[in-house]
Amino acid sequence: MTEDPVARADQLLREGHAREAVDLILEASASGHPDALFRNAMWKLAGEPIARDLPGARALLRRASTQGNADATMVEIALTANGSGAPSDWAGALALLESIADHHTVAAEHRALLRRMTLTIDGGPAHIPTAETIGKHPCVQYIPRLFTQEECLHVAYSAADLLEPAMVADPRTGASIPNAVRTSDSAVIGPTRETLVIQALNRRVAAVSNTDWRQGEALSVLRYRPGQQFRPHIDALPATHNQRIRTVLIYLNDGFSGGATYFVHNALRVTPRMGDAIIFDNVCADGSIDPTTRHAGEPVTNGVKWLATRWIRARPFSVWNGPESAADDVRSTIS
């Protein structure tokens, strides 16, 4: 039996033979091996052990997909819609999903969820939910049932296998570091994991927050177990070329105790309910950080709390290159 080139390449990498692993995958890709094409594409996306090349990765995904690699098709769908390596093409992404949904269980589930949404031709919401102001100084808006139960479960499931101890931004360097202020587990749904359902939800978040979906960071998911919390903090970053101007929090479940979102300055406490969302600005009218936005995720006392966060920047944000290639803002990784 011919040895699997991907398995062999993985072994070579573990043994420290990166050059040999790359050569093996390149050779197998040239011969049209679908799994090698897919691995080559994912390496080009990650930028390791070969240089990042988004258009090149897209071309390899297309070839792997035509050779029957369904995983390649799923990643290609995500990148086609979010505009990685080529302009965003929602209709093209939908067509790719349709091409495999009849014989791919996960794709069929995504298609079914999308069909239960009312979307525009570019994946945005046809109707924008109404927000209610529930607090001033800071202004906090509340949107009931922004996500359905099915949509909340999809978000949580998309991030479940990525969860790890949460990090915070170092106020001196901006680097992500562990800190006792934040004791939850977190995950980032990066561009290769952005299903069309996730992307439709990101577009809905953009619509209710009156921003462009390209301004949003990758959707973050937090899980709080009993005793875990996020002590009082401000979401704005200490030094950046492209500030987090707005935050949208979506509660993915209820049925637990504690875990309220508490705004220190105006003593506003928001009790989580599945699918509900709150929106607040992190900056003042002049763009400076607003100290009144200090808030906390109070300790969970029983059960488990799941929360999704979409931090929205002043200008379009790319997890591949950082906003306008500002190196200090690159915090997301391929997942």
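**From a surface patch to an enclosed strand**

Guide: Asp 71 counts as partly exposed because its relative accessibility is 47% (buried means under 20% relative accessible area, exposed over 50%, and partly exposed in between, with a 1.4 Å probe and protein chains only). The model is predicted, so local features need pLDDT of at least 70 and side-chain atom pairs count only at pLDDT 80 or more, while totals for chains, interfaces and linings use all residues. Residues are numbered from 1 along each chain as its sequence is written, and side-chain values use heavy atoms, leaving out hydrogens and water.

Asp 71 belongs to helix α5, residues 70–82 (helices are DSSP runs of H or I with at least four residues, strands runs of E with at least two, numbered from the N terminus). Together with Glu 3, Asp 4 and Asp 35, Asp 71 forms a negative surface patch. Such a patch joins like charges within 9 Å, taken from residues with over 30% relative accessible area and no salt bridge; Asp and Glu count as negative, and the charge is placed at CG of Asp or CD of Glu. The areas come from the Shrake-Rupley method with a 1.4 Å probe.

Eight strands form an open sheet in the order β1-β2-β13-β9-β16-β7-β6-β3, with antiparallel pairing (two strands pair if DSSP finds at least two bridges between them). Its edge strands are β1 (132–135) and β3, each of which pairs on one side only. β3 (residues 164–165) meets β6 (residues 185–188) over two antiparallel bridges, and there Glu 164 stands opposite Ser 186. β6 in turn pairs with β7 (residues 220–224) over four antiparallel bridges; along this pairing Val 188 faces Ser 220 and Asp 185 faces Arg 223. On to β16 (residues 305–313), β7 pairs over five antiparallel bridges, with Arg 223 opposite Trp 306.

Among the charge pairs, the structure holds 18 salt bridges (a side-chain nitrogen of Lys or Arg within 4 Å of a carboxyl oxygen of Asp or Glu). In helix α2 (residues 18–30), Arg 19 and Asp 23 lie four residues apart, about one turn of the helix, and their side chains meet in a salt bridge at 3.0 Å, N to O. Arg 19 counts as exposed at 51% relative accessibility, whereas Asp 23 is partly exposed at 39%. Elsewhere, Asp 53 pairs with Lys 44, with the closest N and O atoms 4.0 Å apart; Asp 53 is partly exposed at 29% and Lys 44 is buried at 19%.

Arg 145 and Asp 276 form a salt bridge with closest N and O atoms 3.9 Å apart. This pair links distant parts of the chain, 131 residues apart: Arg 145 in the loop between β2 (140–143) and α8 (149–159), and Asp 276 in the loop between β12 (268–270) and β13 (277–281). Arg 145 is partly exposed at 46%, while Asp 276 is buried at 0%. Finally, salt bridges with shared partners join Glu 98, Asp 102, Arg 111 and Arg 115 into one network.

Terms used: Patches are made of residues with over 30% relative accessible area and no salt bridge: like charges are joined within 9 Å, nonpolar side chains (Val, Leu, Ile, Met, Phe, Trp, Tyr) within 5 Å.
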